[in-house]
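Please take a moment to look over the sequence and the 3D structure shown below. The paragraphs that follow lead through them step by step.

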Amino acid sequence: MAAAVTGLGIAAPTGLGIEDCWSAMLDGRSAIRTVSRFEAERYPVRLAGQVPDFVPSEHVPKRLLPQTDRETRLALMAAEWALEDAGVDTGQRDEYDMGVITASTSGGFEFGQGELQKLWSKGPGYVSAYQSFAWFYAVNTGQISIRNGMRGPSGVLVSEQAGGLDAVAQARGQLRRGTGLLVTGGLDASICPWGWVAQMARGDMSRERHPERAYLPFDRAASGYVPGEGGAVLVLEESEAVRERGQHSYGTIAGYGATFDPAPGSGRQPGLRRAIEVALADAGMEPEEVGVVFADGAGLPEADMAEALAISAVFGARTDPVPVTVPKTMTGRLYSGGSALDLAIALLCLDRGVIPPTANVTDPVPGLRLDLVLGEPRPAEPASALVLARGHGGFNSAMVLRASDTAPH
Amino acid sequence: MFDPSPYRSQIAAECDFDPYREGLTRREVGRMDRVAQFAAVSADQCLADSGLDARTLPRERTGTSVGTAVGCTMSLDHEYAVVSDEGREWTVDPAYGVPHLFDYMVPSSIVREVAWRSGAEGPAAVISTGCTSGLDAVGHGAAAIREGAADVMLAGAADAPISPITVACFDAIKATTPDNDEPESASRPFDLRRSGFVLGEGGAMFVLEELGHARRRGARIYAEVAGFATRSNAYHMTGLRPDGREMAEAVRTALDQARLNTDQIDYINAHGSGTKQNDRHETAAVKRVFGDRAYTTPMSSLKSMVGHSLGAIGSIEIAASVLAIRNDTVPPTANLREADPECDLDYVPLTAREQRTDTVLSVGSGFGGFQSALVLNGKGGEG
């Protein structure tokens with residue numbers, strides 16, 4: 001059996017829905033702009049990838065608006081779209097045969113800011129009853145399961161940017177144990193002053209003012225990362241059942257590996273290379289079979305170099321170099337939504353036969369030994385893709401995707 | 001930990017915890033929220049108890065799985081008051097942001113502490129499924145071993161939710177008890193006079209090991225994680241239907257995995273939070289699966305004594321269940337003097353009971369609609 005992806009729901013800075021987001025990415029249109037949601041002039045860091053034109057009342061029932069943060073509204077919309085894309089009628093399925101497993105990085109942080117402000121400025125009696133669940137990390141999984149009547153296995157993973165891959169891997173595990181359909185992925189949104197100051201505390205956000213110069217992974221001018229909001233929801237189903245009902249599949253989850261970096265000063269090697277090797281072994285694939293790598297792309301010289309070394313350690317012996325791309329240069333880093341979006345884009349790349357480019361990077365660091373897809377999309381017919389994600393603190397996750405027509409029967 | 005006088009519920013079950021006495025350095029305490037300190041100290045203890053150490057631990061084959069419901073909420077609450085000048089500024093001041101603020105925002109920082117101090121370099125995860133996190137993190141750890149991703153998993157959970165924002169939001173939904181005068185008897189699961197739960201805190205971590213790996217090194221084995229399942233009620237973020245259907249489904253699946261039937265379960269460790277809807281929901285769930293056996297299988301609530309530590313409690317309850325197996329004694333439901341007529345099972349009121357205990361079912365229920373069940377088998381281990 002294989003875990004086939006039959007539905008995608010995308011809420012990204014580069015666009016709402018598959019087609020808007022995909023065409024923006026093929027055009028290399030970056031969505032990184034000055035923050036509009038609050039007075040960014042106050043802060044030394046002002047750029048972000050914000051989801052445009054999202055009108056919550058058009059996508060979320062009125063009743064749910066007072067009790068949901070932006071991340072949950074985006075997640076409910078993306079889940080609905082993903083199920084629609086998968087041609088799934090949830091009413092026709094066994095409710096215990098459908099589960100929800102999502103990743104979250106910050107929960108409903110903006111909702112939380114509102115309630116913390118009430119607590120501290122007015123007093124505890126002013127805190128909303130909805131605070132008991134609207135901000136916590138499990139909120140998207142809970143709300144998606146309720147909205148869609150899904151009573152099967154549930155899960156919530158927090159591993160910062162790696163979370164999207166980790167959630168999909170857990171979903172694949174449940175599929176293997178017999179649940180027929182999993183709604184999975186990740187969505188994050190914390191572009192509010194409180195979230196902004198918390199993110200700034202990391203010290204590695206770019207202070208560059210020009211949007212096209214701010215987030216440049218693998219470039220000599222790399223100066224940090226730009227944060228964003230949004231992500232993607234995926235529908236996973238067992239490939240045989242998908243074929244039986246004649247449903248289109250974007251590809252399958254073929255392999256997964258996760259490691260954690262050793263403590264600083266231990267003298268031991270970071271774990272990304274091993275995560276890639278574990279994922280390839282899990283997929284039963286050789287490095288030669290990988291058609292494209294979606295890199296993590298930290299945007300910091302040292303971390304970029306470490307990633308380049310891991311990629312070339314695995315793929316360096318190939319006669320033809322593996323293409324490497326970082327489409328998140330157009331969205332910023334979306335935390336757990338970012339790796340989920342990378343999966344969605346990689347699946348579209350396999351399905352449609354073209355690799356979206358890395359935007360804005362024009363001057364790669366010499367000696368990286370990476371075949372970066374820069375400026376223009378590259379026509380290709382990759383049979384498989386490798387998606388990498390590193391989560392703050394030391395998480396390394398790697399996921400191998402296989403194009404649907406090459407999935408083993 | 002703060003002045004509770006403006007709150008409806010003013011009591012809590014706090015840990016007598018001194019991080020320095022437990023061996024943490026100034027620097028570690030400086031960067032870790034209390035929840036991470038609980039996780040770190042519990043991880044040290046479970047490793048020491050297992051006989052493994054940094055030298056013998058198979059680093060690359062050792063993973064970590066830590067559950068937490070509300071992460072670093074104490075630090076978030078406190079630091080928000082600082083950067084916002086106690087809520088006066090919406091565009092909060094970054095000059096007052098502490099360096100570890102991002103780690104407080106994103107609780108994956110908690111598992112980083114566990115991985116760093118143990119040397120584990122395998123898969124790491126924070127599991128945050130609200131109040132079932134403590135069961136789910138252990139279930140996730142066991143699955144990682146079954147799937148071959150690791151030979152050893154440090155798995156468990158921690159939470160430190162006793163902060164103004166958490167107390168205020170539970171006040172708002174009247175989930176916590178207003179019986180502030182008699183703290184020791186305020187948590188009364190299954191009792192007719194129960195009045196809500198008492199907030200708690202803490203942590204528990206376990207060394208999970210592939211059975212062959214544990215046997216080869218001659219490890220002492222407490223029990224086997226024999227079955228685990230989770231289901232959603234798809235009903236309400238905080239509400240439970242009285243029929244207990246989804247929890248029953250999770251229990252059935254976990255028992256199937258464990259290849260045990262209901263008359264082979266010696267003890268049920270209840271969620272038993274002490275809210276009316278929970279106690280009835282879970283009683284109904286157990287009856288659905290166990291039938292007549294429900295009335296003769298002892299089932300008790302630890303929360304009657306340690307309160308409800310949200311994401312941590314599931315792991316603390318697993319620890320108590322493991323000890324029940326070890327000592328052939330099941331813990332009681334304290335403060336249960338007059339049972340709710342709707343709750344008519346054997347809740348082991350007031351005093352512990354010595355009885356042969358080889359197998360335990362532990363159940364949990366949480367906001368978001370999550371229902372989890374985990375089965376421990378003490379016979380599976382040393383045999």
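How many Å apart do the C-alpha centres of domain 1 of chain B and domain 2 of chain B lie? They lie 22 Å apart, where domain 1 covers residues 12–216 and domain 2 covers residues 224–377, the bounds being taken from an automatic or database domain assignment. Before going further, note that this is a predicted model, in which local features need a pLDDT of at least 70 and side-chain atom pairs count only at pLDDT 80 or more, while totals for chains, interfaces and linings use all residues. Residues are numbered from 1 along each chain as its sequence is written, and chains are lettered from A and ligands numbered from 1 in the order in which they are written.

The pLDDT (the predictor's confidence in each residue, from 0 to 100) averages 97 in chain B, with 99% of the residues scoring at least 70. For the complex, the predictor gives an ipTM of 0.97 and a pTM of 0.98.

Chain B as a whole comes next. Its secondary structure comes to 12 helices and 13 strands, where helices (H or I, at least four residues) and strands (E, at least two) are DSSP runs, numbered from the N terminus. Taken along the principal axes, the C-alpha atoms of chain B fill a box of roughly 65 × 50 × 35 Å. Chain B has a radius of gyration of 20 Å, which agrees with a compact globule, because such a globule of 383 residues would have a value near 21 Å; the radius is taken over C-alpha atoms, and the globule rule is 2.2 Å times the number of residues to the power 0.38. Of the 383 residues in chain B, 63% are buried, a residue being buried if 20 or more other C-beta atoms lie within 10 Å of its own, exposed if 12 or fewer, and partly exposed in between, with C-beta atoms placed from the backbone. Among contacts in chain B between residues at least 6 apart in sequence, 80% join residues at least 24 apart; two residues are in contact if their C-beta atoms, placed from the backbone, lie within 7 Å.

Strand β8 (residues 267–269) of chain B pairs with β12(B) in the parallel sense over 3 bridges, two strands being paired if DSSP finds at least two bridges between them, and B:Asn269 has B:Ser362 as its bridge partner. β12(B) also runs antiparallel to β13(B), residues 370–377, to which 8 bridges join it; in that pairing, B:Gly364 has B:Ser372 as its partner. β12(B) and β13(B) form a hairpin with 3 residues between them, and B:Gly368 in the turn has a positive phi of about 100°.

Finally, consider where the two chains meet. There, 66 residues of chain A are in contact with 69 residues of chain B, and on the chain A side the largest share, 7 residues, comes from α4(A). That side of chain A has 33 nonpolar, 24 polar and 9 charged residues.

How values were computed: Ala, Val, Leu, Ile, Met, Phe, Trp, Tyr, Cys and Pro count as nonpolar, Asp, Glu, Lys and Arg as charged, and the others, Gly among them, as polar.
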